[in-house]
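Here is a short tour for someone meeting this structure for the first time. Keep the sequence and the 3D view at hand while reading.

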Amino acid sequence: MSFTRSLAGTAVVTALVAATAAPAQAAVNDPLYDKQWGLRQIHAEQAWATSTGAGVVIAVVDTGVDLGHPDLAAKLVPGATFVGCGTTSCGNGDWRGPNGLPDAGDEHGTHVAGIAAAATGNGVGVAGVARDAKIMPIKVLEAGSGSFADIAAGIRYAADHGAKVVNLSLGAQPGTQALTLTGLESEATAAITYAQAKGVAVIAAAGNETAPLCDTPAWEAGALCVTATDRNEVKAWYSNLGVKADLKAVAAPGGAGLVNCDDDVWSSVPVGAGSATCGQGDYDAFAGTSMATPYVSGVAALLVAQGRSVANVYSVLMSTARTPIVGLRGVYTPLYGWGVVDAQAAVAAPRT
């Protein structure tokens, strides 16, 4: 779920766009790094001395990715497309989809992928949270929306093809939780359960409706729900609360939304798709729980690279997160779930 300087539209399931750390361990020469306040908020660079996510694949189940983007091309593994294809892929995860044409809103997946794992230290664009992880592009949304069946197919494909983290920066409208609770909609729920059983962490956006509950699929058991903060670590005005039955929720940088470009989250967009308002050709600033989610997916990849189980990954993401202002860890609140994820603290946590 994301904002591109305004609230995104909604269909069945839609894309959800909408303090200073200690000196870092590794040199970063990416030109837009100084604008990436979110990396500093989660202490990403301080974690890289311990883990960079090497050997881990993050599946970005979304609108597809620009496969030729200079900050992403070298980071990609083969992907898939499930947009009206049934359970068999009909493409390679490219953002343009089966018809070969760009659709409004489909810049989203490229932006999400860059936050999680853009090439870092390459003198180009932005830095990614998991600087040495790979991205598996899986297109399940067209023009920013899609079906539960296609999302489920994408999740299963990721789990069957080596991904260890699945990023779901998408969600259905508030109230749709009732469909999964009653079993009227079960495809995405079953796919998340399938992925978790295969040792895959599923990280999903809370939603941008200022609603009291995490949207589905973040609502589902087996998924970690992600709410959004602004650069001051205040809950973003648009973000849903981190409330779900199992209380499995955290917060991460999502941007202010509707303030100014540098208060939002800078990342990659398809080449030449940067907006006139904020864009720099191949990069742009968006806000939303969609942007918060890949920060958490990136930290999850840092943990997986250390040989941790999926249960330990979830546990550590929550137990090492910190509640803003009071700075406490291991404390749940509806605003932030278990708190803002802290990459530095997470990679230092016990692995059992």
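Arg156 places its charged end over the ring of Tyr194, at 4.8 Å from the ring centre. A second case involves Arg131 and Trp48. Here the charged end of Arg131 sits over the ring of Trp48, 4.8 Å from its centre. These values, like those below, come from a predicted model.

Tyr238 is buried, at 0%.

**Disulfides**

How many disulfides does a search of the whole structure find? It finds three. A disulfide is a covalent bond between the sulfur atoms of two cysteines. The table lists the pairs.

| Pair | S to S distance |
|---|---|
| Cys85 and Cys90 | 1.7 Å |
| Cys214 and Cys225 | 2.2 Å |
| Cys261 and Cys278 | 1.8 Å |

Number the bonded cysteines in sequence order, and the pairing reads 1-2, 3-4, 5-6.

Take the pair of Cys85 and Cys90, joined by a disulfide. Cys85 is buried, because its relative accessibility is 18% and the cut-off for buried is under 20%. Cys90 has a relative accessible area of 38%, so this residue counts as partly exposed.

Next come Cys214 and Cys225, which form a disulfide with their sulfur atoms 2.2 Å apart. What do these two cysteines tie together? Cys214 lies in the loop between strand 8 (201–205) and strand 9 (223–229), while Cys225 belongs to strand 9. The pair therefore links parts that are 11 residues apart in sequence. Their link is left-handed, with -100° about the S-S bond. Cys214 is buried, at 0% relative accessibility. Cys225 is buried as well, with a relative accessible area of 0%.

The last pair is Cys261 and Cys278, with sulfur atoms 1.8 Å apart. Where do these cysteines lie? Cys261 is in the loop between strand 10 (249–253) and strand 11 (265–268). Cys278 is in the loop between strand 11 and strand 12 (283–286). Is the link left-handed or right-handed? The torsion about the S-S bond is about -80°, so the disulfide of Cys261 and Cys278 is left-handed. Both cysteines are buried.

**Around Val265**

Strand 11 also holds Val265. Is Val265 buried or exposed? Its relative accessible area is 2%, so Val265 is buried. Which residues does Val265 touch, leaving aside those up to four places away in sequence? Its contacts include Trp37, His111 and Ile115. Pro253, Gly254 and Gly255 are also among them. So are Asp284, Ala285 and Phe286, along with Met291 and Tyr295.

How values were computed
Residues are numbered from 1 along each chain as its sequence is written. This is a predicted model: local features need pLDDT of at least 70, side-chain atom pairs count only at pLDDT 80 or more; totals for chains, interfaces and linings use all residues. Side-chain values use heavy atoms; hydrogens and water are left out. A disulfide is a pair of cysteine sulfur atoms within 2.5 Å. Buried means under 20% relative accessible area, exposed over 50%, partly exposed in between (1.4 Å probe, protein chains only). Helices (H or I, at least four residues) and strands (E, at least two) are DSSP runs, numbered from the N terminus. A charge sits over a ring if NZ of Lys or CZ of Arg is within 6 Å of the ring centre and within 35 degrees of the ring normal. Contact means heavy atoms within 4.5 Å.
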